[in-house]
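Please work through the following exercises with the sequence and the model at hand. Each task is followed by a solution in steps.

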Amino acid sequence: MDNTKILGILYETIYAEHGSALEMLAACKQAKSSSLAFGYFEHSKDEYNHTKTFRKILSNKTSGINTSELRRFRITPQGLIRKGYVSQNGYLVENMSLKNFIAYVYTNELLAESSFSKIVKLLGANTEEGRSVMKIMEDELRHHGKAKEYFLRYFPFLQPWQLSLYKLRESIKNKGRKFYHSNIALLEHIFYPLYSLFALIISRLLKSLNLKEFKRSNKNLMDINYKSIL
Ligand SMILES: [Fe+2]
Ligand SMILES: [Fe+2]
């Protein structure tokens, strides 16, 4: 696998982990009991730490890369919504029933753990970076276990097959997100030369503008045509 692909995976993982940290913090703020709030808070803290670890790995892997390449891996808060890691309609806990929310946590922690095992393979299990991701995997399994515990206590009638359905639904969603982003990347390849061409044409047009004509000093602004663009 080429280096750009590994960087792309790390980049998406940072967003996913940061999104989880925010979701857990939102859940903490809405929790009805202090023990549940504490659980969500600890989970959120773990997710923030995971984000930090993946950011560190990405920054190590991108050292020495030229600035224009590096721009592709810039992380912004807006990216969380643009990429769909946090919905623009609000946090999950605001839009889901408690049962569905816990099922979501239960399945996503397991999916995260399995996708991290692929990252460990790419980084190498004997490297320091690989070991730090393995530690994260332990956290994700712990989160999964806690969600399961909660389920068994509060929703004992929920059947294992129902949880499998949740898991299937979430894996399809994850695959859909990956498919969407690979297509967006392809479209960007096609449209980028067009954007550049438009920018070039507009810059040439702007160069030919004589700005002296638009001098406003000592002029009564009320006399200027209201249709004027400057
Ligand atoms: Fe995580
Ligand atoms: Fe987690």
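The exercises below concern a predicted model and proceed from the whole chain to single residues.

**Exercise 1. Determine how many helices and strands the protein chain has, and in what order the elements run.**

Solution. Step one is the count: the protein chain contains 8 helices and 0 strands. Step two is the order: read from the N terminus, the elements run α-α-α-α-α-α-α-α. Step three concerns burial: 19% of the 230 residues in the protein chain count as buried.

**Exercise 2. State where in the protein chain confidence is lowest and where it is highest.**

Solution. Begin with the chain as a whole, for which the mean pLDDT is 85 and 87% of residues reach 70 or more. Then turn to the elements: helix H8 (residues 160-207) has the lowest confidence, with a mean of 73, whereas H2 has the highest, at 95.

**Exercise 3. Decide whether H1 and H2 are roughly parallel or antiparallel to each other.**

Solution. Two packed helices are described by the angle and the distance between their axes. Helix H1 (residues 3-30) and helix H2 (residues 34-62) have axes that come within 8 Å and cross at roughly 160 degrees. Angles over 145 degrees count as roughly antiparallel. H1 and H2 are therefore roughly antiparallel to each other. Their crossing is left-handed, and their contact comprises 17 nonpolar, 8 polar and 4 charged residues.

**Exercise 4. Apply the reasoning to H2 and H7: how are they oriented to each other?**

Solution. The axes of H2 and helix H7 (residues 128-154) come within 11 Å and cross at roughly 160 degrees. The cut-off for roughly antiparallel is again an angle over 145 degrees, so H2 and H7 are roughly antiparallel to each other. The crossing of H2 and H7 is left-handed.

**Exercise 5. Identify the residues of the largest nonpolar core and the element that gives the most to it.**

Solution. The largest nonpolar core consists of 7 residues, namely Leu10, Tyr11, Ile14, Tyr15, Ala16, Phe54 and Ile57. The elements giving two or more residues to this core are H1 and H2. H1 gives the most, with 5 residues.

Technical notes:
Residues numbered from 1 in each chain as written. Chains lettered and ligands numbered in written order. Predicted model: local features only at pLDDT ≥ 70, side-chain atom pairs only at ≥ 80, totals over all residues. Axes fitted to C-alpha atoms, helices over the stretch in contact; angles between N-to-C directions. Helix = DSSP H or I, 4+ residues; strand = E, 2+ residues; numbered from the N terminus. Parallel < 35°, antiparallel > 145°, perpendicular 65-115°, else oblique. Left-handed = near helix turned anticlockwise from the far one by under 90°. Nonpolar A, V, L, I, M, F, W, Y, C, P; charged D, E, K, R; others polar. pLDDT = per-residue confidence, 0-100. Core = buried A, V, L, I, M, F, W, Y, C linked by C-beta atoms within 7 Å. Buried ≥ 20, exposed ≤ 12 C-beta atoms within 10 Å, placed from the backbone.
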